[in-house]
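I opened this notebook to keep track of what I look up in one protein chain. The sequence and the structure come first, and my entries follow.

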Amino acid sequence: MGTPEGFAYRDEGGTVTITHHGRPAGTLRGAAAARFLAAVARGDDQQQLMARVTGNYKHGNERRAREHPRNRGR
C-alpha cells in the first residue's frame, strides 16, 4: 500500500480545511475538527490521517483491479 502525500491543513478557528496538492479536499467543523486536531497533537501520522478523513486512501483492491480484463492494457 502506498504512503499518502501532498496533504496539508489549515486551522481557521473551529474549521479545518484540508487540501491535497493545493486543491480543496475537505472541510471539518465542530467535533470532527476537534478530533482531527487532537489526533494531530497526539502525534498521529498527519498524511495518513488527512487521507482517511477525506476518503483519499487505498482500499486494498488496487492489485485486483489492475488485473481485471478491461484494465490489462493500461
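The entries below go from the whole chain to the sheet, then to the helices, and finally to one residue.

**Entry 1: ground rules.** I noted that this is a predicted model, in which local features need pLDDT of at least 70 and side-chain atom pairs count only at pLDDT 80 or more, while totals for chains, interfaces and linings use all residues. Residues are numbered from 1 along each chain as its sequence is written, and side-chain values use heavy atoms, with hydrogens and water left out.

**Entry 2: the whole chain.** I looked up the secondary structure and found 3 helices and 3 strands, where helices (H or I, at least four residues) and strands (E, at least two) are DSSP runs numbered from the N terminus. Along the sequence, I read these elements in the pattern β-β-β-α-α-α. Of the 74 residues, 22% are buried, a term that stands for under 20% relative accessible area, with exposed meaning over 50% and partly exposed lying in between (1.4 Å probe, protein chains only). I also looked up contacts, which are heavy atoms within 4.5 Å: among those with a separation of 6 or more, 36% are between residues 24 or more positions apart.

**Entry 3: the sheet.** Next I followed the strands, which form an open sheet of 3 in the order S1-S2-S3 with antiparallel pairing; two strands pair if DSSP finds at least two bridges between them. Strand S1 (7-11) and strand S3 (23-29) each have a single partner strand, so one side of each lacks a neighbour in the sheet. Between S1 and strand S2 (residues 15-20) I found 5 bridges, and for Arg10 the bridge partner in S2 is Thr17.

**Entry 4: helices against the sheet.** I then saw that helix H1 (residues 30-42) lies across S1, S2 and S3, running at about 105° to S3. For such angles, axes are lines fitted to C-alpha atoms, for helices over the stretch in contact, and values run from 0 to 180 degrees between N-to-C directions. Helix H2 (residues 46-54) packs on the sheet as well, touching S1, S2 and S3, and its direction makes about 85° with that of S1.

**Entry 5: one residue.** Leaving aside residues up to four places away in sequence, Ile18 touches residues including Phe7, Leu28, Phe36, Met50 and Val53. Phe7 lies 11 residues from Ile18 in sequence, and their C-alpha atoms are 6.9 Å apart in space.
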